[in-house]
Amino acid sequence: MTPAARLQAVIDLLTEIDETPRPADAVMSAYFRARRYIGSKDRTAVAQTAYAILRRHARLTWWLEREGRTATPRARVLANEILAEGKPLATVLELFDGSKFGPARLSPEELALGRALDTHTLEHPSMPEAVRVECPSWAEGPMRAALGAQFAREMEALLDSAPLDLRVNPVKANRESAIKALSRARIQAQPTRWSPLGLRVQGRPPLATVDAFKEGLVEIQDEGSQLVAFAVAPKPGQQVVDFCAGAGGKTLAIAALMNNKGRVVACDVLAGRLKRAAERFRRAGLHNIEPHPLTSERDPWVKRHKRKFDRVLVDAPCSGTGTWRRNPDSRWRALGPGLDQLVPLQASILESASRLVKPGGRLIYATCSMLPEENEGQIAAFLESHPEFTVKPVAEVWAEEGADSVPAEGPYLRLTPARHDTDGFFAAVLERKADEPVTAAESGAAGDGAEDDAAELAAG
Ligand SMILES: C[S@@+](CC[C@H](N)C(=O)[O-])C[C@H]1O[C@@H](n2cnc3c(N)ncnc32)[C@H](O)[C@@H]1O
C-alpha cells in the first residue's frame, strides 16, 4: 500500500466505526478479514493510526470545533496528520493526492483548515483538562469523585495501550515451564508484579498459533482480572457460582485454582457466550465447570439453589471505565446500557445472587469500573438491607491464601492503571454470617415468590 492508500483505509475504517454500534476492534477485524490482500505491515500501520485517532478523539474534535468544522473521519485524519504526527501541510497535501486508492485532494475549505492547524500541536493551553485527558463529560464528575487529585494521572494512564498479560494454567504448567514453552516460540514473558500466576508478554505476538496457548498452558487475562479471581479464593472441592461468567475468563481462573475438584457453575443471560467459553474450558483441561444459562438474574434456578454455594462471584455488567485502555472508542460511544440502567441492574443481580450463598460462604462483587456508584455505592446499599453479610477485607483473604502483598485499599480491591498497571477493577468480598436464619424475603415472601415456587415445584 502507498502511504496515501493507508490513509484512505484509516478514513474508511473510522467511517465504519462511526456508523455501527459495534466496538472498534470488532469492526477492524471484520474490515481486514474482508480484505485479505492487505499485508500484515499495512494492516498494522492502518490499525495503529486508527487506534491513535480514537485515543485522540476529544483533542482532535476540540481543534476542529475551534475552527468551526465537524469532526468527520476525514477531518480527524487531516487534523491528526498535522497536529499529532507533526507533518507540515506541504507533506499532507502529497498524501491527499487524489490517486486511485488515496484520499481525494483537499477542498478549499479543508485547505484553509490545514493552514489554520499547520505548526500547531495536539495540545493547547486553553484546552480544558477533561479534553486533554480524553474524559467524556458524562464520566468527568464521577471520575473526579473517585480519583480526586489523581484524576489527570489516571486518565492519562487510561490513554496508553494495555499490556498483554497471560495467566498460567496451574492444571497444566507453572510460571517457569510456561516461560520456557513461550520462549520456544520466541515470546519473551516476565512474571507480573501482583498475580502469582501472571506473565506479561513483550509486544503483540500472534498467540493463537503458539503451542503453549493452543495446549492450554496459558490464557490471555489482564493481571487485574486474575486478582479478582484470587479474591474469590476458592478451595478444591467447593461449590462455586460464577454468576456473570460471560466468555469465562474468571471461571477458568477459579476452576484452575480448584485444581479440577469441586464444581463451578458458570451462569450468564447470554447462552451464546457460555457456549463459546466451553471451548476455552476444554483447552484448559478443566472438567469441573458446568455452564448454566439464565433467563434473567431472577431465574427460578436461583431459588432452587439458595444457600448451596461456598463462593458466588458477581462480575457485574458495568460501564467498563476501567478498560478504556483496551477499547479506546468505548468512552465515546454508547455500546451498551447507560449508568442509569446499569446501576439498578447491578443491584438486582447482587441481590438475587446473594441468595445462593450458604451460611459462612462468600459473595464476591466485582466490576471493571472505576466509578463509585457501581462499586462502593453498590456494596453500601446492599449491606444496608443485608445485615446477614459482613465485609471481609481483601487483605485478609490474601493473607489466608499465603500471599504477601496485595494492592488493596481499605477493605476492597481497587486497581487503577496508573498505580498498578492493570485495567481498573473493583472487588469486594462479603461473608454470610455462619449462624444466620432464613429471612422472610429469602423464603420468597417479598414479591417474587409465586413464579419461583411454581418453578421449584415443577423441578421437584
Ligand atoms: C463483565 S461481563 C463478565 C466477564 C466475565 N466474567 C469474564 O471474566 O470474562 C458481565 C456479564 O454479565 C452478563 N449479564 C448481564 N446481565 C445479566 C443478568 N441479569 N444476569 C446474569 N448475567 C448478566 C453479561 O452477559 C456479561 O457476560
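Author: Leu 286 sits in the loop between helix H15 and strand S7; helices (H or I, at least four residues) and strands (E, at least two) are DSSP runs, numbered from the N terminus. The structure is a predicted model, in which local features need pLDDT of at least 70 and side-chain atom pairs count only at pLDDT 80 or more, while totals for chains, interfaces and linings use all residues. Residue numbers start from 1 along each chain as its sequence is written.

Is Leu 286 buried or exposed? Leu 286 has 23 C-beta neighbours inside 10 Å, so it counts as buried. The scale calls a residue buried if 20 or more other C-beta atoms lie within 10 Å of its own, exposed if 12 or fewer, and partly exposed in between, with C-beta atoms placed from the backbone. If neighbours within four places in sequence are left aside, Leu 286 is in contact with Val 171, Leu 252, Ala 255, Ala 256, Asn 260 and Phe 281. Contact here means that the C-beta atoms of two residues, placed from the backbone, lie within 7 Å. Leu 252 is 34 residues away along the chain, and its C-alpha atom is separated from that of Leu 286 by 7.8 Å.

Strand S6 (residues 263-268), helix H15 (residues 271-283) and S7 form a right-handed β-α-β unit. Right-handed means that, with the strands pointing away from the viewer, the path from the first strand over the helix to the second runs clockwise. S6 and S7 (residues 289-293) run parallel and are joined by five bridges; strands are said to pair if DSSP finds at least two bridges between them. Within this pair, Glu 290 of S7 stands opposite Val 265.

Strand S5 (residues 239-242) runs parallel to S8 and is joined to it by three bridges, with Val 240 opposite Arg 311. S8 also pairs in the parallel sense with strand S9 (residues 357-367), over six bridges. Arg 311 has Arg 362 of S9 as its bridge partner.

Strand S11 (residues 408-409) and strand S12 pair in the antiparallel sense over two bridges, and Ala 408 has Leu 413 as its bridge partner. S11 and S12 form a hairpin with two residues between them, and Gly 410 in the turn has a positive phi of about 60°. S12 (residues 412-415) is covered on both faces, with Tyr 412 and Arg 414 buried on one side and Leu 413 and Leu 415 on the other. Three bridges also join S12 to strand S13 (residues 425-432), again antiparallel, and Arg 414 stands opposite Phe 426 there.

Which helices are covered? In helix H13 (residues 223-232), 10 of the 10 residues are buried, and Ala 233, which follows H13, has a positive phi near 45°. In helix H5 (residues 73-84), 10 of the 12 residues are buried, so H5 is largely enclosed by the rest of the structure. The buried residues of H5 are covered by elements including helix H1 (3-19), helix H3 (40-55) and helix H4 (57-66). Gly 86 follows H5 and has a positive phi, near 70°.

Finally, the chain as a whole. The chain has 22 helices and 13 strands. Its radius of gyration is 25 Å, close to the 23 Å that the globule rule gives for 460 residues, so the chain is as compact as a globular protein of that length. The radius is taken over C-alpha atoms, and the rule is 2.2 Å times the number of residues to the power 0.38. Of the 460 residues, 41% count as buried.
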